[in-house]
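Please look over the model below before reading on. My notes follow as numbered points.

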Amino acid sequence: MTQSDQPRPGMFDLARQLVSGVIRLARLEVTQGRQEIGEMLAETRTGAVMFGVAAAILLLALISLDLVLVLGVVALFDVLPPTVSAIIIVAAFVAILALYGAFGVFGRMPGALVVVVLIVLIALAAAFALPIYLGFVAGWHSAMFVLMLELAIAGLFIVRGIAHVRIGKPEQTIESVKEDIAWAKRLLRRG
């Protein structure tokens, strides 16, 4: 029996083959998407571990840098007149307010929360500037001042970092599915 002698498949057989082929193709696309997402997660996990190790090492370095900064502020406040030291403290808190405003942090907050943040920062500035102005200079006081500045700046980075966190889509799978849909449409138009 030659190839021309074989019976030709009927319309229903061809339709059944087409549907089963499309179902198989869809399953393969889903499998490919899962694999692609799995690869992205595995790569992200490895990157996260690397970042964790780097963060631990940087934390140790930052602790040393923080000690240097605190001791430098203590020495600075010991040398400067109390009025100048108080002006420096108030200027530092004003600079933090300016940074928060410049980066649009206040624009994302409800109005009442902005007022609370402003009151807290003004109270902190007064709480640190007044004792210095009155001549009270202590290492723990300077360290607390540096800590408040660092926390305020860290808060700014947290807010800005949250704005940049995005989760990616499986681009290759999406493109492949679009190509498959276009192929199926062309096939149906021919039939």
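1. One aromatic cluster is formed by F77, F93, F128 and F145. A search of the whole structure finds four aromatic pairs. Rings of Phe, Tyr and Trp (its six-membered ring) pair if their centres lie within 6.5 Å; planes under 30 degrees apart count as stacked, over 60 as edge-to-face and the rest as tilted. For F93 and F128, the ring centres are 6.3 Å apart and the planes stand at 15°, so this pair is stacked. F93 belongs to helix α2 (residues 82-102) and F128 to helix α3 (residues 111-133), so the pair ties together parts that are 35 residues apart in sequence. Helices here are DSSP runs (H or I, at least four residues), numbered from the N terminus.

2. A word on the basis. This is a predicted model: local features need pLDDT of at least 70, side-chain atom pairs count only at pLDDT 80 or more, and totals for chains, interfaces and linings use all residues. Residues are numbered from 1 along each chain as its sequence is written, and side-chain values use heavy atoms, with hydrogens and water left out.

3. Buried means under 20% relative accessible area, exposed over 50%, and partly exposed in between (1.4 Å probe, protein chains only).

4. Helix α2 has 21 residues. From first C-alpha to last, α2 reaches 30 Å, close to the 30 Å expected at 1.5 Å a residue. The expected span is 1.5 Å times one less than the number of residues. Which residues of α2 are buried? They are S85, A86, I89, A92, F93, I96 and Y100. These cover an arc of only 115° around the axis, which puts them on the same side of α2. The arc is that of the directions from the helix axis to the C-beta atoms. An α-helix has 3.6 residues a turn, so residues three or four places apart point the same way.

5. The other side of α2 has I87 and A102 exposed. A102 has a relative accessible area of 63%. Just after α2, G104 takes a positive phi of about 70°.

6. Helix α3 has 23 residues and reaches 32 Å from its first C-alpha to its last, close to the 33 Å expected. Its buried residues include V114, V117, L121, A125, F128, A129 and I132. Just after α3, G135 has a positive phi of about 95°.

7. Now the surface. F136, W140, M144, L147 and L151 make a nonpolar patch of about 500 Å². Patch residues have over 30% relative accessible area and no salt bridge; like charges are joined within 9 Å, nonpolar side chains (Val, Leu, Ile, Met, Phe, Trp, Tyr) within 5 Å. A salt bridge is a side-chain nitrogen of Lys or Arg within 4 Å of a carboxyl oxygen of Asp or Glu. Areas come from the Shrake-Rupley method with a 1.4 Å probe; for residues, only the protein chains shown count as cover. W140 lies in helix α4 (residues 139-163) and is exposed at 56% relative accessibility.

8. How far is W140 from A102? They are 38 residues apart in sequence and 31 Å apart in space, C-alpha to C-alpha. R186 and W140 are 46 residues apart in sequence and 76 Å apart in space, again C-alpha to C-alpha. R186 sits in helix α5 (residues 171-190) and is partly exposed at 44% relative accessibility.

9. Helix α5 has 20 residues and reaches 29 Å from first C-alpha to last, close to the 28 Å expected. T173, S176 and D180 are buried in α5. They cover an arc of only 60° around the axis, which puts them on the same side of α5. The face turned away from that buried side carries the exposed residues K178, E179 and R189.

Terms used
Helices (H or I, at least four residues) and strands (E, at least two) are DSSP runs, numbered from the N terminus.
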